Amino acid sequence: MKPLAIFGGTFDPIHLGHLCVAWEASELLDADVLIMPSGVPPHRPPPIASADQRAAMLQVALRDQSRLTLDTRELTRSGPSYTVDTMAELRAAQGDRPLVLLLGADAFAGLPGWHGWRRLFELVHIGVLSRPGEQTVLTDELKQAIAGRWVDDPSALRAPAGQLVALSVTPLEISATRIRELIAAGREPRYQLPSGLFDNSSLLAPYRR
Ligand code: ATP
């Protein structure tokens, strides 16, 4: 059965760095990918754009292709959205289908700070996406938890969960933080964002000063 991959984030806003790595991960894993914006992120300050505004940008960004689809379940949940709860929900719905949680190298290094992180290995595989400029120092705790889980071939994930694969994707040095700064400074960061986000001036309004 084709794996199902999950790519979460604040997507404040979604940018070409996200889309490029999600697309390449879907090719490497031969998986469908759910793009899953987080509601109230437990690990960071709240997003600038509202849930509805981020979903609207994602809808525009994901037009005209069918491998990456928007999943808004965390946006509609009240309270903090913990990844482990979402993965448990997906596992219950998907039976033995391989599930792969996609994490940028920076997010992966921070995994031990996540609520219930050890349980994630019972629920999903983890695909680690290379990200430029990231010095990924893994804590001893994380190193121990992942020992023996690495597999070399992304297309060989057959079990439902428990393995780890490095996904070597094309590095694009784009970050949402930088994009928000540019827009706030009155700039128009074309070619870092999907072009559709510039078609409707209200989409990027939350970031303008
Ligand atoms: P911010 O600058 O607001 O922190 P971000 O650009 O890191 O935002 P997030 O929404 O926090 O975007 O990222 C969601 C996921 O995408 C994370 O796992 C992150 O590591 C990954 N990611 C973001 N940008 C890139 C990129 N350019 N290359 C690879 N992975 C990325």
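Where is the place of Asp30? Asp30 lies in the loop between H1 and strand E2 (32–37); helices (H or I, at least four residues) and strands (E, at least two) are DSSP runs, numbered from the N terminus. Phi of Asp30 is near 50 degrees, a positive value in a residue other than glycine. The model is predicted, so local features need pLDDT of at least 70 and side-chain atom pairs count only at pLDDT 80 or more, while totals for chains, interfaces and linings use all residues. Residues are numbered from 1 along each chain as its sequence is written, and side-chain values use heavy atoms, with hydrogens and water left out.

The loop between E1 and H1 contains Pro13. Asp12 and Pro13 are joined by a cis peptide bond, with omega about 0 degrees.

The shell around the ligand has 21 residues, of which His15, His18, Asp106, Leu172 and Thr177 come nearest; a residue is near a molecule if one of its heavy atoms lies within 4 Å of it. By class, this shell has 7 nonpolar, 10 polar and 4 charged residues. Ala, Val, Leu, Ile, Met, Phe, Trp, Tyr, Cys and Pro count as nonpolar, Asp, Glu, Lys and Arg as charged, and the others, Gly among them, as polar. At least two shell residues each come from strand E1 (4–9), helix H1 (16–29), helix H4 (105–109) and helix H7 (176–184).

An oxygen atom of the ligand lies 3.0 Å from a backbone N or O atom of Thr10, and for a backbone N or O atom of Phe11 the distance to a ligand oxygen atom is 3.0 Å. In the side chain of His15, an N or O atom is 2.9 Å from an oxygen atom of the ligand. Of the 600 Å² of accessible area that the ligand has on its own, the protein covers 92% (Shrake-Rupley method, 1.4 Å probe).

Aromatic rings of Phe, Tyr and Trp (its six-membered ring) pair if their centres lie within 6.5 Å; planes under 30 degrees apart count as stacked, over 60 as edge-to-face and the rest as tilted. The count comes to 2 aromatic pairs. Phe108 and Trp150 form an edge-to-face pair, 6.5 Å centre to centre with 70 degrees between the planes.

Definitions and conventions
A polar contact is a pair of N or O atoms within 3.5 Å; within protein, one must be able to donate a hydrogen and the other to accept it, and residues adjacent in sequence count only if both atoms are side-chain atoms.
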